[in-house]
Protein chains: 2
Amino acid sequence: VTTQGDIDLVGEAPLTVERIRAAAGRIAGVAHRTGVVRCKSLNDIAKAHILAKPEMFQRSGSFKFRGAYNRLAQLTPEQRAAGVVTYSSGNHGAAVALAASILGVGATVVVPPDASTAKVAAIRAQRAEVRTFDPDVETREGVAGEVASRTGAVLVPPYEDYEVMAGQGTLALELAADVNELDTIVVPIGGGGLMAGVATAIKAVLPSCRIIGVEPQSADDTRVSLRAGHIERNTSLLPETIADGLRAPQPGALTFAVNRRLVDDVVVVSDESLVEAMRFCYERMKVVVEPSGAVGIAAILTGAIQVQGQRVGVVLSGGNIAAAVFAALIARPLPSIRLR
Amino acid sequence: VTTQGDIDLVGEAPLTVERIRAAAGRIAGVAHRTGVVRCKSLNDIAKAHILAKPEMFQRSGSFKFRGAYNRLAQLTPEQRAAGVVTYSSGNHGAAVALAASILGVGATVVVPPDASTAKVAAIRAQRAEVRTFDPDVETREGVAGEVASRTGAVLVPPYEDYEVMAGQGTLALELAADVNELDTIVVPIGGGGLMAGVATAIKAVLPSCRIIGVEPQSADDTRVSLRAGHIERNTSLLPETIADGLRAPQPGALTFAVNRRLVDDVVVVSDESLVEAMRFCYERMKVVVEPSGAVGIAAILTGAIQVQGQRVGVVLSGGNIAAAVFAALIARPLPSIRLR
């Protein structure tokens, strides 16, 4: 593991299974232990034994609560008084808002001006402050950083933070404990924080398990970067995909340093296959999965990953999608919908 | 329990917890053990501890598989060779078709001429034969009886059968084992077979638990019958409700004899509240519940049942609903949809 010149990383060993175990202890009794979902029709189609981790059942509707709570639970009394700030119009923003509300910490969430009213309402429902910005003159990171430096609030990034990654990794410890053996685990990749946490946990507790990432076709930055051996941006400059949680323009520096060591392969799926996967989850599994959460099922159903005869863990990462959008997607086989 | 002149029933004691325990042994390893779903937002709103039994995760998408498999597993070799016949365009038909397919038994399902193509396709997918009839000159029971007498096939009624009722009751044994104590259990009532099984099991293992049925406003036959002390038909002759699984015109004679002894109360809910409950399950619980399966959540959300401070079991009986219909219901607050 000292390959590829990651001297700093190996020296500090910043993301370890011990750190993930500590996170599991911290979130126990606050986060839900989401269990495992099995589906006979899916097994029959895939000719495999699929063990799905249903993070749509997690508090705030996605795995993001694990990392957010793990991070916020470690604030000092002074930091708690100063509050936190983050940038995300999606699941990370809602998760930070909920974790802050539980811990009695003030939170500011910087959202783009075109954020959906449903998501903004969910953040406000947790009494978090919502800040918009002008994309022509500012970035969301810049506005969040400005809030942090002005108010002393702690910036909680969506993935470039080892405690956030460690929190996400707790779901893999749960899955491994519940299913004993896995030949392959399939994980959505956006900025790479979920994957970094899961891969670190799995390599420690199920070392022979193959680790496969899935990205949308138009947001394939981690696949491209892994092949190049260094961080590259998405093939398309403005990724158009319904998987709104996986549109990160490029891997994080910290997450990529972990994932380049641990991830065996990354595959991509089309938006059409995501809609089919969401419909499959609706019709056969009776669960609500958002587009970003359905990439693993899509990769299995399309054959993008070979899983025949294997025991396969699949992370269903979240279920937050406005009713009208979900309705339009499942009612039609080929959507012409744009989420932003 | 010798009140109300149920001499035959007491003499034979046809539906007992022992019979339900035997059913549980028979379906073990074939039916799914569906576990328990909890939802913090629901608890907060209801000011109660709600423990939902998620039968949309059961094989065939509803609890009906429990009763159908329990009944078919007890056929003699001669009966297996002759096959089974039933009448139902909905969950019972699909459940019998699946149970028959698993056991290698031929099955005929009599469906109305206006049955949805999706449901008929689901029945055919299990290699069951589908028979329609002319409602102007025949009844579905008549056609099924004619098939039975002509071919020797065993008629498997949707609820007027103690082995079917015993199978449905197995879900209550699972719930009681998983949650230990319950103050109230809330159960959908159509023909009354699910309630008869659940009530018999609960009275045996959690004798102090209150047993509450829920019916759609326009299909309130069991509520009316319990108040009258004898079987009466629905208030409306042609119940118009989106809860297509709960449209039985009157309680079954066998199910009513059980339920009149064991059910503490029956409440009714509107179709509008069913849509709200389905949306709640979609948005907060991330599960797909069909209208008939949502009556318990609707009764809690509307306050039709008082549950404050209690531990409350709620049966979510199924999740079979065509994607286009589900989409229309969750996308709009007040649907103008008719299912048939």
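1. In this predicted model, chain B and chain A bury about 1700 Å² between them. Carbon and sulfur atoms give 66% of that area. The contact involves 21 residues of chain B and 21 residues of chain A.

2. Between chain B and chain A there are 0 salt bridges, whereas 8 residue pairs are in polar contact, both residues of each pair being at pLDDT 80 or more. On the side of chain B that touches chain A, α13 (271-285) and α15 (323-331) of chain B each supply at least two residues. The largest share, 6 residues, comes from α15(B). By residue class, this side of chain B divides into 14 nonpolar, 3 polar and 4 charged residues.

3. Chain B also contains an open sheet of 5 strands, paired in parallel, in the order β1-β9-β6-β7-β8. At its edges stand β1 (49-54) and β8 (265-269) of chain B; each has a single partner strand, so one side of each is left without a neighbour in the sheet. From one strand to the next, the twist averages 25°.

4. The partner of β1(B) is strand β9 (residues 311-316) of chain B, and the two pair in the parallel sense over 6 bridges. Within this pairing, A52(B) stands opposite V314(B) in β9(B).

5. Helix α14 (residues 295-302) of chain B lies across β1, β6 (184-188), β7 (210-216), β8 and β9 of chain B. Helix α14 of chain B runs at about 140° to β9(B).

Technical notes
Residues numbered from 1 in each chain as written. Chains lettered and ligands numbered in written order. Predicted model: local features only at pLDDT ≥ 70, side-chain atom pairs only at ≥ 80, totals over all residues. Heavy atoms only, no water. Contact = heavy atoms within 4.5 Å. Buried area = accessible area lost by both parts, 1.4 Å probe. Salt bridge = Lys/Arg side-chain N within 4 Å of Asp/Glu carboxyl O. Polar contact = N/O pair within 3.5 Å; in protein donor to acceptor, adjacent residues only side chain to side chain. Helix = DSSP H or I, 4+ residues; strand = E, 2+ residues; numbered from the N terminus. Nonpolar A, V, L, I, M, F, W, Y, C, P; charged D, E, K, R; others polar. Pairing = 2+ DSSP bridges. Axes fitted to C-alpha atoms, helices over the stretch in contact; angles between N-to-C directions.
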